Amino acid sequence: MNILKVIEVSKYWGGNRALENITFSMNCNILGIFGPNGAGKTTLLNIIAGIYSPTKGEIYYREKNITKLKPWIRVQLGISKTFQVVRPFRTMTVEENILLFSKIRDNSNVDEIIKITGLEDFRYRFPDQLPFGHLKKLEIAKVLATNPEILLLDEPFGGLNNEEIKDLLELFVKLRKNGKRLVIIEHRISSLLEIAEDVLFLDRGKKVFEGPVKKFLENEDIKEYYFGGNNNA
Amino acid sequence: MNFFSLFFPIIIYGLLFGLNYALISIGFTLVFGVSKILNLSYGALYMTTAYMIYFFAVMNNLPLIISILISIVITILIGLAIFYTILKFTVNPMIFMVTMLLFALLLQYIYSYLFGGQVGLIIPSLFPNVSIGLFGVSINLSLLASSLISLLLIFLVSFWIYKTSIGRRIRATAEDPEVSELLGINTKQIIIIVLSISILLVSIASILLVPTQEVTPTMWVDPFVIAFAVSIIGGLGKFEWAIPAAFIVSFAEVISQYLIPYNVSDIVAFIIVILFIVVFPNGLGGARIES
Amino acid sequence: MSYSKNTKIVITVVIVVILVAAITLGAYYMQQSQTPTKKYILIGMPLPLNSPIGVNMLDSAQLAVNQINGNGGVTINGTHYYLKIISYDTEEADPSIPVSNGISAMTALITQDKVNFLIGGYRSDVVDAELPIAAQYHTIYITFGADPEISTFVAENYTAHKYIFNGFVNATNQGIQYGALPVYMLLAYKEGLLKQNITNFAILGEQAAWTKVDIGNGGTSSPLYKPFEEVGFNVTYINYFPLSPPGGSYDSLFSQLADLNTQAIYILAAGTETPLLVSNWDSFNWSADKATGGMKPILMGADVMAEMEGKTYDYFNATNGGCNGEFTFGWGPMLPINITNSSIPFYNEFYSNYSFNPIFEDGFVYSAIYYLTQAIEKAQNLSSNAVIPYLEQTNYSGPAGLIKFSSSHGLIINLKPVPSVPAVAMQWHKDGKLYLVWSSLNPLTFTNIQLPNGTVVPKITVIL
Amino acid sequence: MNLNYFRSRSFILSILIIIATVIISYAINSPYFTLTILIADIFIIMSIGWDFSSGTTNYINFGISFFFGIGALFTGFFFYSFNLSIPFLIIQAFFFGFISGFLITIATLRVRGVFFTLLSLLLPLIGTDFILAFWTVLKMPTIGYYGLPSLSNSLQVSLIYISLFLIIIIILIYTLYSTHIGLILRGIGDDEEAMLAQGINTFWYKVLIFSISMGIVGIAGSLYALSTTFAGIDTFGLEFLLFPMVIAIFGGKGKILGAVPAGYVIIILSQYLQLYVGQFTLILFAAFAIILFLLFPNGISRWFK
């Protein structure tokens, strides 16, 4: 049974076609969604999370049609999303930021989340006092507080140095071990290839590739696109 | 009280008061439609014109026409001055609205202090305060004149908005200010022009309607409630939706005056507003106001 | 556009300094004016000074004070005292002004200005909030509210509330007098003495305590309905008039009355809304409704604003001459009529000082100063407790009539043989002047009534 | 339930200030000063009610004088019809303030913020007309109820009751603030959009805090009626919107307890100015409010975090 199914989803912004009937299904633990900037990755993620409604097409979560549901209902069902640009609650401490979302799907253990995301020594600090890497971790901690089954992560590595990226990768592996499923958007593919099981590749709103990582690496036009021309892995 | 004998009064007064309510409300809806600014000192500007006419025409007995012109200019200056002082300090919509309301209160307290408290003053009228009989109903000439002028102004404003080049730029700004800015429309200038026209409209409403009423420091509340109610019912979208909305309010008030023993005519405007909010939250004009 | 931190602090400091300076200066000035060489009896007057009603009441009190101070003031145990009024604007003429203004005024007059006695009050709900304060500080308060509650307040708990006196005609016995004018006017018309015949009668009241006694819930259930019907009128409409009518004009209300073939409209209004009603009555085309052969109804009633013809406010031009033909009804020598032999001298003195005629409460306020001073002189003591017994025995023949207090400190009004506090009626003529038309002293004669066509009927007597 | 709210400096400072004013009024023993502090306490309760909802959620509510009027008029109605004793009159004021707040926010919160403000301004203007239309049906002696029981016949004792009420309300708000609901309220004020996107439907929480706030404003209305022994249409006046809002903003928007010192400063100034310059005070006050809003939109009191 596929945990998440997207069927012929398109999104038109007054003339500009952000997504063009995308169909894919997810039944692995970590799905990477790659593609150049403006490929429609964030739009797709927001449609799954319910922030935008698709112009056409449907979304199924555990065989249940959730296309029409409001974002907060989808979170109650188990789909939570982080923001591409971090949006912490500045008037609250790190702990309060997590506590805020801790009662949505049966009380989650705040101490454990803080431990997992490595935010122990910033627990009573305010977001403005956190280094950027930890803000990204706080974004994930907030989502974990809703005890989700699927985490939608929007460019978690954006603006991080390699040290911080390694931390996050360990965190994602830990989450997979705890039974969480991750959908991760990144345009810096190399860091994700180590942990992603399946890959979805978008370009200019269309689906170019869907399949396991192994096949993704051998695929000719992807290689030409990525490794032939400019090697920015 | 058989209904037939009240048929004509209801129709005539409904139309008469409806057009006058439209005259009061166009300015308010126009400004919001274009700039999303709620001119909460709208009623105070209506009052300012009245007090200025009293000051010039009655206290200093200047000829009526001259005092009217001076009063219009002063009201527009005060209106723009209020708008600019606030804009200079803040763009936060909450502070903007609160401060506009405070300016309305400030003007109320100043006029009450200068012109003496709750005593109704009378200002001269352009039209004779006499009534003629038509279809068995007494129609006050100055109310009739003001409703006809209101009709004229409605056409003038719609012509200005829909048929002129500046009108196109106004509609563009109303549609999407960011895009119009990109297309080279100076939206700030457009907002100033629309604001000045809306203050001119409210001054004209004051010049026409106040002579049949009284000038008191709290007179700004009634036109304000009418402009509010009519604009909400009209949906605060395109300004011409304010006209059907004005008729809905005036007919409801007149009918309730005749048929309901209690003085409910004052609350009618509010009850209709609440009904519209609950039944069609987007009002007639369809401006998407769903949160 | 954000100001740096320290400019903000500087600006706040400047604002606070200015405000504090304003207060200290004010306090110093107040202190100065209060410790003069002469000895003063301070009379506190909480009044609606933001309306001509309050200004009129203050002027009539000031007139009495000047007269008393003129001939030597008051001597108590050998020392000379002069009367001094400290007035306070409660803005109570406007019903939307908070009652707490009245309470602050009372507390300030008693505790800050240390006044010995209090005279004033107009709006019934403000007066009723002020009564407990005067009683609490054991200070005599002669008030002029028309609400019967004032004397029930005294009767309920005499020992604690004995400080309150109602120096004006309360609503219930006003009702008796109000009925008199239209009844006698009907007789005059029935006899054919006056051209216009009136049987269809509409009654419009403002929304206040004193009108509720007469209009109640409106319609056939209202208290005034049966008496007028019994006397031969047909009451077509009886209700409160709206403060903000549809379209801002009373035309829709009048078209309703015209449709009922109303021949006379009786107003009960003490507030400031009547000028609009009356000018609409004048500009309305009453003959438009052909079906009923519409004739312009006579306008009469207790309309406080209609009694003012003077410097600060003139009703005639406030209604654009619309009030021509309106009969207005009240008490006290609003025009020179010898209710008692002190009425005409009071009227002349008032007119010469303030160049406008007194309104219905002025005769009573003027008398209050006099009978209070008499009580003080008899008591030879400034404490309210000592003065009250003498004040209760007041039997003062003032310009408005004979003032006597009941056991619950209300005004005793007797009609027979001659009304102790006669009611008076006046009519506005085309020349913009107010003419005396009727008085309950001789209720069967009407003088100089101007008919709609302008002719003036000098004198009519109705033969029963 | 984190209790550090109750240890916070602003909480202790506010309670001390309230108690201090009661002691000072005993010391000065001038009834006019006691009356001023009493009025100040009532306005502080109102501005706490206003700030608790509009301050935290940025939905400006211009209609608080409507709920103030509801509290006062229902006190009058229940006293005239059922002769309730004072504690019950105050409890019913909270109850009806809560219910009317609940009904009106449900109807209007669905629309965009700007319309919520627009409609809330209509409420007090219409409340007056409603009373004027149906005053006979509501069995009102005049356009309002007079002769209501007063809290106590001595001004000093009434001040103690009202100060106690003020302290109870502050404690009530702080207990609420330290619960999970308090966290959500602060979130709404901080970034409501993020909350909606990440799982919290803020609508019912907003309805709850507006209802509680209007319940508190209802209590202030009832206390006002019981101190002036009158409840009428004057309670719908714009002064009862202007003063509490300015006190809340002067004290620091969203910092609920900033209203305590701000309230005393503003009301003492205006009551004493009233003695010397009478009506001019309102002009001064409106001008001061405009300067305040433009120069210091988040209030001046820095010491209240």
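How many bridges join strand β1 (residues 4–13) of chain A to strand β4 (residues 56–61) of chain A? In this predicted model, five bridges join the two strands, and they run antiparallel. Within this pairing, A:I7 has A:E58 of β4(A) as its bridge partner.

Strand β4(A) also pairs with strand β5 (residues 64–65) of chain A. Two bridges connect β4(A) and β5(A), again in the antiparallel sense. A:Y61 stands opposite A:K64 of β5(A). The two strands form a hairpin, with two residues between them. In the turn, A:R62 has a positive phi of about 55°.

Chain C contains an open sheet of six strands. Their order is β2-β3-β1-β4-β5-β6, and the pairing is mixed. The edges are formed by β2 (74–76) and β6 (164–166) of chain C, each of which pairs on one side only. From one strand to the next, the twist averages 30°. Strands of a sheet pair through backbone hydrogen bonds, either parallel or antiparallel.

Chain A and chain B are joined by no contact, and their closest C-alpha atoms lie 13 Å apart. No contact joins chain A and chain C either; for this pair the closest C-alpha atoms lie 21 Å apart.

How values were computed
Residues numbered from 1 in each chain as written. Chains lettered and ligands numbered in written order. Predicted model: local features only at pLDDT ≥ 70, side-chain atom pairs only at ≥ 80, totals over all residues. Pairing = 2+ DSSP bridges. Helix = DSSP H or I, 4+ residues; strand = E, 2+ residues; numbered from the N terminus. Axes fitted to C-alpha atoms, helices over the stretch in contact; angles between N-to-C directions. Contact = placed C-beta atoms within 7 Å.
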